[in-house]
Amino acid sequence: MDTVERIGSQNGSGLADLRRVSRQAHETVDEAFSRFDLADRESYGAFLTAHAGALLTAEAYLARHADAVPAWRSRSELLKDDLRHMELEIPSARQDVFPERDGTVLGVLYVLEGSRLGGRVLSARVAQGLPRAYLSAFHQKGEWPEFLAHLERSLNESDAARRQAVTAGAIMTFDLFRTSTGSQD
């Protein structure tokens, strides 16, 4: 949490600071998910189940705070449908993960919207015949740049406490995804 506490002290871009401070958490998630082979049915099922363990929780939090975020499109039902298609159990969303602090929701949304970019790459690795609706839910034209512009404005207009909450929300979301894989590192 020490790095989160320093986010507001920079005079640079709020978005650049967010990316810099959350980079290690992002890389740790990428590493944790790299063990899954998306061309293998069982491994892909475990991948989707791990994603569901995090995404359903994060999107439930966003839904409770919908008035505090720009428009976003949920992918929970797409992920649940993919899991049902593979006859896999759907994990329950947790309610106790994120604090009720102003700004946290933008950090959560930053990670979820960013994951759509990875989905574009990963969907091409899924074996033929396996469901891929969740990974294929790409950004619509202009969505990602519009969200980043909103986030940048919000961060640049926020006080240090709110900027820290956004960053903490992003790091907590990355950590939620990492731990959903069973990784403790």
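A pocket, as I use the term here, is an open set of grid points with protein on both sides within 12 Å along at least five of seven lines. I note at the outset that the model is predicted.

**Entry 1: the largest pocket.** I looked up its volume and found about 680 Å³. I then listed its lining, which comprises 29 residues. His26, Val29, Asp30, Ser115 and Gly118 lie nearest the centre of this pocket. I asked which helices each supply at least two residues of the lining. They are H2 (14-33), H3, H5 (104-123) and H7 (160-180). H5 provides the largest share, 8 residues.

Entry 2: I recorded about 200 Å³ of space in the second largest pocket. Its lining has 10 residues, and Val21, Gln24, Ala25, Thr28 and Ile171 are the closest to its centre. H2 and H7 are the elements that give two or more residues to this lining, and H2 gives the most, with 5. I counted 5 nonpolar, 3 polar and 2 charged residues in the lining of the second largest pocket.

**Entry 3: helix H3.** I turned next to H3, which covers residues 41-64 and has 24 residues. From first C-alpha to last, H3 reaches 34 Å, close to the 34 Å expected at 1.5 Å a residue. Where is the kink in H3 centred? I located it on Ala52, with an angle of about 30°. At the N-terminal end of H3 I found a cap from Asp40, whose side-chain oxygen lies 3.3 Å from the backbone nitrogen of Glu42.

Definitions and conventions: Residues are numbered from 1 along each chain as its sequence is written. This is a predicted model: local features need pLDDT of at least 70, side-chain atom pairs count only at pLDDT 80 or more; totals for chains, interfaces and linings use all residues. Side-chain values use heavy atoms; hydrogens and water are left out. Helices (H or I, at least four residues) and strands (E, at least two) are DSSP runs, numbered from the N terminus. The expected span of a helix is 1.5 Å times one less than its number of residues. The bend at a residue is the angle between axes fitted to the seven residues ending there and the seven starting there. A polar contact is a pair of N or O atoms within 3.5 Å; within protein, one must be able to donate a hydrogen and the other to accept it, and residues adjacent in sequence count only if both atoms are side-chain atoms. On a 1 Å grid over the protein atoms alone, a cavity is a set of points where a 1.4 Å probe fits but cannot get out, and a pocket is an open set with protein on both sides within 12 Å along at least five of seven lines; lining residues have an atom within 4 Å of a point. Grid points are joined across faces, edges and corners, and a volume is the space filled by probe spheres set on the points. Ala, Val, Leu, Ile, Met, Phe, Trp, Tyr, Cys and Pro count as nonpolar, Asp, Glu, Lys and Arg as charged, and the others, Gly among them, as polar.
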